[in-house]
Amino acid sequence: DFKNFSTALTEAIDTAASAYHKDGQVSGLSSGFKDLDKVLGGLQSSDLLIIAGRPSMGKTAFATNIAFHIANAFNANDKEHEKKPGQGAVVGFFSLEMSSSQLATRIISEQTSVSSEKIRKGQISNIEYDKLIDVARKLQDIPLFIDETGGISIGQLIARARKLKRQNNLGILIIDYLQLLTSSNRRYNENRVQELSEITQSLKALAKELNIPIIALSQLSRQVESRDDKKPQLSDLRESGSIEQDADIVMFLYREEYYLEKKQPREGTEEYIQWQESMEEVHQKAQVIIGKNRHGPTPVIDMYFDGSVTRFSDYTSDDKLPERFE
């Protein structure tokens, strides 16, 4: 139905007041990353956010880090939580690629700083094992709901999201990843571009209907690999321009270290020494490139990424560090 403009005005002022009371930083849900929250003002209700990147860039790790932070910050005993945006929320995670136990392993790995590979293979010490059990106990009560059904249709996803909203007051939805969703409309099954257009339009409509942010991960086309500059751009979004059109925010994950690693020259050569220096410069560094932001600027945000424990963290440049006194 039509909404009276005075209602819309009241909502806009409430959002502004919320940001004002938080020192003008975040009016939406906090992602757990300071620099990202500063640019986006937090994850805003009714927004569709796309996190895109080539394989091995850390898309699932980034989404899992955000999911954990929001679920962990949610205080179930706080009856006022709806009036305090940014205090965490109930998280719904549709994992179409990974099983729920794999996602749980990643979160435990990130929280204990024990490599997920070591956890999987059982190559851990007694102290590390005790640490895992201790962290697992603490994490038992966080409101993170994982649906691991593969090949789900957009219609099924919408129905399950509505149910989660009704039963548990869902606060944010994360989908890993977009290209694994199928259309509910048989007509589109032959045309993948039309099918994906229907999926992104439905997700944007769902974000508005449930009044929550929706984060969808997306693959990028291979044309990135054929360029000298491997930094992704909007035209690289795979299979559809509708992703770019329907999304409020598009973020690309880029790690130069991944590409540089593959160019390793022969040891002992001058090129090898130069390559080593370059590798040291980009070691564990990642970039979140904001390709589209309906609400503001599109900067590049530097971050750290520790692949062994699948953890992203805020980047601290030398000018942000306190001065040292010898």
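I began with F33, which is buried at a relative accessible area of 5%. A reminder to myself: this is a predicted model.

Next I looked up F62, and it counts as buried too, with 0% relative accessibility.

Then I ran a search for aromatic pairs over the whole structure, and it gave me 4. How are the rings of F33 and F62 arranged? Their centres lie 5.3 Å apart and their planes meet at 20 degrees, under the 30 degrees cut-off, so I noted the pair as stacked. F33 sits in the loop between α1 (5-21) and α2 (34-40), while F62 belongs to helix α3, so this pair ties together parts 29 residues apart in sequence.

F312 is in strand β9 (residues 311-314) and F62 in helix α3, so the pair ties together parts that are 250 residues apart in sequence. I also checked burial for F62 and F312, and both are buried.

Putting the ring pairs together, I get a cluster that links F33, F62, F305 and F312.

My last stop was the nonpolar packing. The largest core holds 77 residues, and F62 turns up again among those with the most contacts inside it, alongside L36, I50, L157, L173 and I175. Helix α3 (residues 59-73) supplies the largest share of this core, 8 residues. I also found a second, separate core of 5 residues, including L260, W275, M279 and V282.

Notes. Residues are numbered from 1 along each chain as its sequence is written. This is a predicted model: local features need pLDDT of at least 70, side-chain atom pairs count only at pLDDT 80 or more; totals for chains, interfaces and linings use all residues. Side-chain values use heavy atoms; hydrogens and water are left out. A nonpolar core is a set of buried Ala, Val, Leu, Ile, Met, Phe, Trp, Tyr and Cys residues joined through side-chain atoms within 4.5 Å. Buried means under 20% relative accessible area, exposed over 50%, partly exposed in between (1.4 Å probe, protein chains only). Helices (H or I, at least four residues) and strands (E, at least two) are DSSP runs, numbered from the N terminus. Rings of Phe, Tyr and Trp (its six-membered ring) pair if their centres lie within 6.5 Å; planes under 30 degrees apart count as stacked, over 60 as edge-to-face and the rest as tilted.
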